[in-house]
Every structure is written in structure tokens, then in C-alpha cells.
Amino acid sequence: MPSTHNVDKPWDTEDVDKWKVEKFTPEDNIGGTFSEESSFSVLFPKYREAYLKSSWSTVTRALEKQGVACTLDLVEGSMTVKTTRKTYDPAAILKARDLIKLLSRSVPTPQALKIVEDDTIACDVIKIRGLVRNKDRFVKRRQRILGPNGSTLKALELLTQSYILVQGNTVSAMGPFKGLKEVRRVVEDCMANIHPIYHIKEMMIKKELAKDPELKNESWDRFLPQFKKRNLSRRRKPFKVTDKANKVYTPFPPPQEKSKIDLQIESGEYFLKKQERERKGKEAREEKMRAKMEEKRKEREREYVAPEEPGDGKEKKKRKKSKEDGERKKKRKKTEEDEE
């Protein structure tokens, strides 16, 4: 059979979107009804019971258009979807399965119903609890996905064109396949202690580079930031590092250190009675305490010592005596003697 690989295809033009998913209509289902019934069931937590009960009528109406039946069991706490004879789209049951999965993970009903109505939207529920063992560490890293006042989460939603909800031990995401792939990578790296801000910077740069047609077929590695790990070595560093370069090698081990009992025998304390030993220890403690008190007293007295003034050290210059001063003194003495 001749190869048709290089044969001209007049219908294959550049304006054809090969990734577009055509809407499936009842006319496309040539085979008729399904031979077997397919069903999926999902459990939901107790706190979701009241909300699901109030919004279940909206879910039922949306699934009836697809020909899928749904039941809400409040006793068992489960939601079930199954195909009927009216179901014409084989993928409808898979969309319904994703819908009840999102509803059980606290996604609002209007948002969750978009997965049934829009063929371009898919969903991904990422389980994050098993990625981190320590609970405190898990809570801190989960908070990083949200960011201060939800700013990090909002940035991720805008860059990936997805809806993201962090609830309990899971992260629910809705959006295009390319965006979901990025969301999963960011969330898993965040749980592995890589901050989401690094991925956000990278995605922002890629978004700007994609607008330039000249860089379409080139590598973008030179534009993307290269972040280095700053995890320092956790090896315990010794307080005192001894230099062994100048030390003379000897095959003999160092002498054994004396034990506490050996030191007591040398000082004679070992042979004292219990009372004498206690008295001696008490005297040593008191002596140490007195020395400490004396040291503190001297420190307090230092605060009251007056500082040396700059003029204190200089000697005062002596005034030279003149002849006139001597004559004045003699006159004073004579006047005093005359008065007497």
C-alpha cells in the first residue's frame, strides 16, 4: 500500500484548530443506548450535608440534560451517579463523577457545574497530606499555597486560568489541561519545601516571552531565573576546633582521665564522714557566693565614681612675687601695730 504521509491534504489548513473538542450530540451516538450501566459513588463529610441537601435540585437538573441519574444518600453520606437509557454521551458519566468528587471537596455548586457544561474544563484533586509527615510543617506549607490574604492563590489562578480551592488534606483545581499540569507541579513542589513564588515568577516570564513571535522556536532557559538552594549543612560544628596539623603522631592512646572518686581520694574528701563532706561542700558554696557578691558590689560602686575632669591634672602656675607686693605687706603690718 502506498504511503499517504506526504500526500497533499487540502482540508488541513492553518486556520483549523486541531485541539478543539467538538460538542457531542445525540445524532453522533450511532450505536444507540448503552448495553451496561455505569455508576460511580463518592462519600462526603458530615459538614457538607446541609449544603448538598439545599443545592441537590440544581445538580439533578444539570445532570438530567446529559441523561445521567444522581442520588444523594444522607444516611450513608454518599453521592451516586449512573447512566440511564437516555444517556447518549459516553463521557457524560465521567464528567458526573468529577462533579460529585468536587462537591465532596467543598467546591461551590455553580463552580462545580461548569465541568459538565464546558468541555474545555477538566478537574484535578491533589492529595497533599501524604507528602509531608510532620503536621505542623504540613500546615505551614499548605498556608504558603494561599499566601498572605490569599494573594499567592489569586496569582496562581490568574496565571494558570484555573479555579483552585485548598480544603483540608486536598487541593481541588478546575481549568484547562495545561493549567492543571502547572497547578499540580506548583502544589507538589510547595509540599517539597519549594516556595510557590519561584514558579509564579517563572510563569510570568514565560507569559511575556510567548507574546514575542521571534522567540517561538528558541530556548527560553537564558531568560528564566536560576534559583540556587540555600540549605546549609546541618552538621554540628564543634565549639573549639583543634589544629591537628602540628600535632606529633603517637600510636598510644591518651591517658585515662581520673574519675570523680579518684579525685576525691587524692584530696582526702573520700575518707570524710557524710556530715563533714556536706559541711565542706557548704563552705565552698558560701565562699563562692561571697566572692560573687563582692564582685557585684564593686560593679555597683563603679557607677558612683566621678569621672576625671580635663583641668584636674594640670598644676596651677605660681604667681611671681614683686617688690611692690612686699612693700604693701610691710605697710599693713605697721598700721596694725600702731592701732594696737
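Guide: What follows starts with the core and then moves to other parts of the chain. Keep in mind that this is a predicted model.

The largest nonpolar core has 27 residues. Within this core, L63, V81, L99 and L102 have the most contacts. Several helices and strands each supply at least two of its residues: the helices α1 (49–65), α2 (92–104) and α4 (114–117), and the strands β2 (68–73), β3 (78–83) and β4 (122–127). Of these, α2 gives the most, with 7 residues.

D98 counts as buried because its relative accessible area is 14%, and the cut-off for buried is under 20%. R97, with a relative accessible area of 27%, is partly exposed.

Next comes Q66, in the loop between α1 and β2. Is Q66 buried or exposed? Its relative accessible area is 15%, so Q66 is buried. Not counting residues up to four places away in sequence, Q66 touches T87, Y88, A92 and V116.

K114 belongs to helix α4, and α4 is one of the elements that supply at least two residues to the core. K114 itself has a relative accessible area of 38%, so K114 is partly exposed. Apart from neighbours within four places in sequence, K114 is in contact with I121 and M174. K114 and F40 are 74 residues apart along the chain, and their C-alpha atoms are separated by 19 Å.

Another core, of 20 residues, lies apart from the largest one. I145, I164, V183 and V187 are among its residues. For comparison with a record, UniProt lists residues 120–192 as "domain: K Homology", in an unreviewed entry. In this model, the span 120–192 is 51% helix and 23% strand, and its end C-alpha atoms lie 30 Å apart.

L180 lies in helix α7 (residues 177–191) and is buried, with a relative accessible area of 8%. Beyond residues up to four places away in sequence, L180 touches A122, C123 and D124, S162, and A173, M174 and G175. One of these, M174, is also in contact with K114. Take S162 as an example of contact between separate parts of the chain: L180 and S162 are 18 residues apart in sequence, while their C-alpha atoms are 7.2 Å apart in space.

A search of the whole structure finds 14 salt bridges. One of them joins K46 and E49, whose closest N and O atoms are 3.3 Å apart. K46 counts as exposed, at 67% relative accessibility, whereas E49 is partly exposed, at 21%.

Another joins R297 and E301, with the closest N and O atoms 2.5 Å apart. Why are R297 and E301 separated by about one helical turn? The reason is that they are 4 residues apart in helix α10 (residues 274–302). Both are partly exposed, R297 at 33% relative accessibility and E301 at 42%.

Salt bridges can also be joined together: E182, R185, E202 and K206 are linked in a network of them.

F227 lies in the loop between α8 (196–209) and α9 (260–267). With a relative accessible area of 41%, F227 is partly exposed.

Key:
Residues numbered from 1 in each chain as written. Predicted model: local features only at pLDDT ≥ 70, side-chain atom pairs only at ≥ 80, totals over all residues. Heavy atoms only, no water. Core = buried A, V, L, I, M, F, W, Y, C linked by side-chain atoms within 4.5 Å. Buried < 20%, exposed > 50% of the residue type's maximum accessible area, 1.4 Å probe, protein only. UniProt positions renumbered as here; feature names shortened; annotations may be inferred. Salt bridge = Lys/Arg side-chain N within 4 Å of Asp/Glu carboxyl O. Contact = heavy atoms within 4.5 Å.
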